[in-house]
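Trainee: I would like to go through this structure with you, one point at a time.

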Amino acid sequence: MKKFSIPCLSMIVCLCATMLLTASISAKDLLDVRNSPNEPVKMIFDTDMGNDADDALALAIIHNMIDRGKCELLGLTLTKSNPYAAKYCKAFNTQYGHPDIPIGLVKNGATPDSGRYVQKVFEMKKADGTPAFPIPEGWEPEDSVVLLRKLLAAAEDNSIVIVQVGFSTNLARLLDTPGDEISPLTGKELAAKKVRLVSAMFGAFTFKNDRFIKHKEFNVVKDIPAAQKLTKEWPTPIVFSGFEVGIEIMVRGCTILNDYQTPEPNIMKESYLAYRGEWKLEQPTWDLTSVLFVVRPEEGRDYFTLSEMGTVTVRDDSTTYFTPDPNGKHFCFKTNREQEIRVEEAFVNLCSEKH
Ligand SMILES: [Ca+2]
């Protein structure tokens, strides 16, 4: 019989420690994802910018939290497969004073159309004919999966929060990447080592209202295989904000109209108007909830309650199900009406903060 060598033993100890750690994750552990209260959350924002206005509002909140020193946006990756989505995000980050945030664009992904606002707003001109929201001549985004690999390879262990508010395309593709010149680790190994949490706007769950039981949520519908892969194979905890959460929390157009006066022209204000068409329409806050969860983690704010630990599954028809499971890695938001009111107020303050 072969005697265990020291490296072998240490591997077993390490494995046991990892298993214990995994087994002991509770909802409370995930409520605050910072290494310490004074450190900003290190975030990657993965978005289908351009399909709805809540992605833009979510990015506005991120920028305001960067200015407060509460968030560090390491990169932005797009799952909307349209070049104007990337150019628009570059212009958005530039107007908000953070022009150098790396941007990655998906290749051959879902929703290649320009949608209602990314191209329209990017191509807006001032009275003198110059671009209203200029970006450097000839700028091009990186490939989103390559950018994810670079950002994760350069990160400290267990330090990154990925906020995914579009399709699961980029994260699913990352899982399948082999080791390369960026890192000897596979995509799955990089995710396991570097990512602390994924906060995802994804699916629809049944905690509050039976009418959402069979809802086919857009972010899942548009790339069902990727959504299935994410829920089956992603190695870290994921918190899900289901359709039923953001639909109950609205931002009013008048907030955007009145509070986004400067700079003029204002990219957020123009985007909201281009998307909604008129100011009196309200905007559900799906994607904002996934951001707020990670940038406002302080105990006592009580914005969100998490479900017990469980497993989310995605059926082939795109419906999503949460099953309690002590060995699962997934949690869902469960908010009550009082929390929704608090969250709505936070959004009004954070979205419309002068920048
Ligand atoms: Ca979105």
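Mentor: A disulfide is a pair of cysteine sulfur atoms within 2.5 Å. The model is predicted, so local features need pLDDT of at least 70 and side-chain atom pairs pLDDT 80 or more, whereas totals for chains, interfaces and linings use all residues. Residues are numbered from 1 along each chain as its sequence is written, and side-chain values use heavy atoms, without hydrogens and water.

Trainee: How many disulfides does a search of the whole structure find?

Mentor: The criterion is a pair of cysteine sulfur atoms within 2.5 Å. Applied to the whole structure, the search gives a count of zero.

Trainee: Is C89 buried or exposed?

Mentor: Buried means under 20% relative accessible area, exposed over 50%, and partly exposed in between, with a 1.4 Å probe and protein chains only. The relative accessible area of C89 is 0%, so C89 is buried.

Trainee: Where is Y96 placed, and how far apart in space are Y96 and N64?

Mentor: Y96 lies in the loop between α4 (83–95) and β3 (103–110); helices (H or I, at least four residues) and strands (E, at least two) are DSSP runs, numbered from the N terminus. Y96 is buried because its relative accessibility is 4%. Y96 and N64 are 32 residues apart in sequence, and their C-alpha to C-alpha distance is 8.4 Å.

Trainee: Which residues of α6 and α8 make the contact between these helices?

Mentor: Helices α6 (residues 144–154) and α8 (residues 187–194) pack with axes 10 Å apart. Contact means heavy atoms within 4.5 Å. From α8 come G187, L190, A191 and K194, and from α6 come R149, L152 and A153.

Notes
Axes fitted to C-alpha atoms, helices over the stretch in contact; angles between N-to-C directions.
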